[in-house]
Amino acid sequence: MNTPFLKVAVVGSGISGAVCASTLARNGVSVTLFESARGPGGRMSQRREKTEDGKELHFDHGAPFFSVSKSEVLNLVQEWQSRGLVAEWKEKFGSFDYQTLKFNNMEQEGLSKKYVGVPGMNSICKALCNESGVESKFGVSVGRVEWLDDAKLWSLIGVDGQNLGQFKGLVASDKNIVLPRIAEVTGRSPPLDLKLVPELSEKLHNLAARPCFAVMLAFADPLPSIPVKGFSFQNSKLLSWAFCDSSKPSRSTECERWVLHSTAEYAEDIIAQTGLKKPSDTTLKKVAEQLFHEFQSTGFNISQPIFKKAHRWGSAFPAVSVAQDEKCVWDKSKRLAICGDFCVSPNVEGAIESGLAAALKLKDSVSCL
Ligand SMILES: Cc1cc2nc3c(=O)[nH]c(=O)nc-3n(C[C@H](O)[C@H](O)[C@H](O)COP(=O)(O)OP(=O)(O)OC[C@H]3O[C@@H](n4cnc5c(N)ncnc54)[C@H](O)[C@@H]3O)c2cc1C
């Protein structure tokens, strides 16, 4: 028996890929996981930055928290909580109206439990990618996947042409693995040619997503005039949310840190002017300035930050859900699962459900081989 051929490849270490990989491994299927980024998490990453005088800062610059309504996801989250990977963020939330310059709906924004990874949002994916049976390779971008019809195996090739191995099954956990539009960002064709799976291409060819800019701010002193630690905005063309990152459990409180999220319309407008390629420093500086200025114009006493930086999420929130019933896209004949939040709902819970569904499909089909 040739062990590597029993493996499944998972592309992507966001929460859907990480949940899928660890679930497969727990069920006796060995997994090799490939992630382009230096670390795990995808849109649940944590960003490490430094102030000019060398203070280290951490920001959850993607998903700030998540909520759970489905029992199968709650079971997992409770297990993560018992392992110390997740905690409840119990601070007060609100909704701020720019027209009246007042808060309203204080209770509504705070109704469901808010969970965060500890000490960072990426802690969950980090732990799952390290579980026994999961071999994780970070900083490895999968450039091409090929179906070897004779051997009935998937062959993975890196962006630099390196052979990444052959696998019995494949999980693609990012829509960019199949979207032709990714060529406008990377200059390369998507790794998986949808012609290989024509029956799936209709579902997948037009996966729209909405962008968002996140601005990370650190202040030397706390901002006591803001009465809540997270709030949405009404009647702002620029801002959708603000979160006090340093108020989450198990974070450093040395500097007060906030993360602002732009509206999708604002981000789309900037992208229309600058294109889809990686934004320049000048663009990011302009965005950071504009969003911070909007934050200041709430009228709270907000001092100049000691750190201010913008990050662009080109595809922050999928605009469609392509597999609400099945929860992942599945080709049984080639043992190919495509999972992620775009299959179920544009949030962490949807991504978890999708990763679990993909693991179930793969586990059943690989174990009959
Ligand atoms: C600003 C922002 C705010 C958000 N707010 C919330 C919120 O309040 N609550 C909530 O529940 N959700 C929120 N979300 C959404 C949530 O983050 C996502 O729904 C979820 O994290 C998606 O997980 P995923 O596994 O589907 O995808 P991703 O996290 O995007 O993971 C895909 C991974 O695949 C990797 N990858 C792609 N192509 C390749 C390749 N060729 N080779 C190797 N690796 C590859 C990527 O690098 C990435 O790490 C927010 C997201 C953003 C950006």
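## Legends to the close-up views

**View A. Helix α9 is mostly covered, with 15 of its 20 residues buried.** A residue is buried if 20 or more other C-beta atoms lie within 10 Å of its own, exposed if 12 or fewer, and partly exposed in between; C-beta atoms are placed from the backbone. Helices (H or I, at least four residues) and strands (E, at least two) are DSSP runs, numbered from the N terminus. α9 reaches 28 Å from its first C-alpha to its last, close to the expected 28 Å at 1.5 Å a residue. That expected span is 1.5 Å times one less than the number of residues in the helix. This is a predicted model: local features need pLDDT of at least 70, side-chain atom pairs count only at pLDDT 80 or more, and totals for chains, interfaces and linings use all residues. Residues are numbered from 1 along each chain as its sequence is written.

**View B. The shell around the ligand holds 38 residues.** A residue belongs here if its C-beta atom, placed from the backbone, lies within 6 Å of the molecule. Gly12, Gly14, Gly42, Gly340 and Asn347 come nearest. Elements giving two or more residues to the shell are α1 (15-26), β2 (31-35), β14 (209-219), β18 (307-318) and α9 (348-367). By type, the shell has 19 nonpolar, 14 polar and 5 charged residues. Nonpolar means Ala, Val, Leu, Ile, Met, Phe, Trp, Tyr, Cys and Pro; charged means Asp, Glu, Lys and Arg; the others, Gly among them, are polar.

**View C. Helix α7 spans residues 281-296.** Its 16 residues reach 22 Å from first C-alpha to last, close to the 22 Å expected. Buried in α7 are Val287, Ala288, Leu291, Phe292, Glu294 and Phe295. Seen down the helix axis, these buried residues fall within an arc of 155°, so they line one face of α7. The arc is that of the directions from the helix axis to the C-beta atoms. Thr282 and His293, on the other side of α7, are exposed. The buried residues of α7 pack against β14, β16 (239-244), β17 (256-262), α6 (264-274) and β18. Contact requires C-beta atoms, placed from the backbone, within 7 Å of each other.

**View D. Gln46 sits in the loop between β2 and β3 (47-50).** Gln46 is buried, with 21 other C-beta atoms within 10 Å. Leaving out residues up to four places away in sequence, Gln46 touches Gly41, His58, Phe59, Asp60, Gly120, Met121 and Asn122. Gln46 and Ser123 are 77 residues apart in sequence, yet 8.7 Å apart in space, C-alpha to C-alpha.

**View E. A cis peptide bond joins Val118 and Pro119.** Omega is about 0°. Pro119 lies in the loop between β8 (115-117) and α3 (123-129).

**View F. Leu101 has a positive phi of about 55° although it is not a glycine.** Leu101 lies in the loop between β6 (93-97) and β7 (102-104). With 11 C-beta neighbours inside 10 Å, Leu101 counts as exposed.

**View G. Asn235, a residue other than glycine, has a positive phi near 60°.** The loop between β15 (230-234) and β16 holds Asn235. Asn235 is exposed, with 9 other C-beta atoms within 10 Å.

Key
Two residues are in contact if their C-beta atoms, placed from the backbone, lie within 7 Å.
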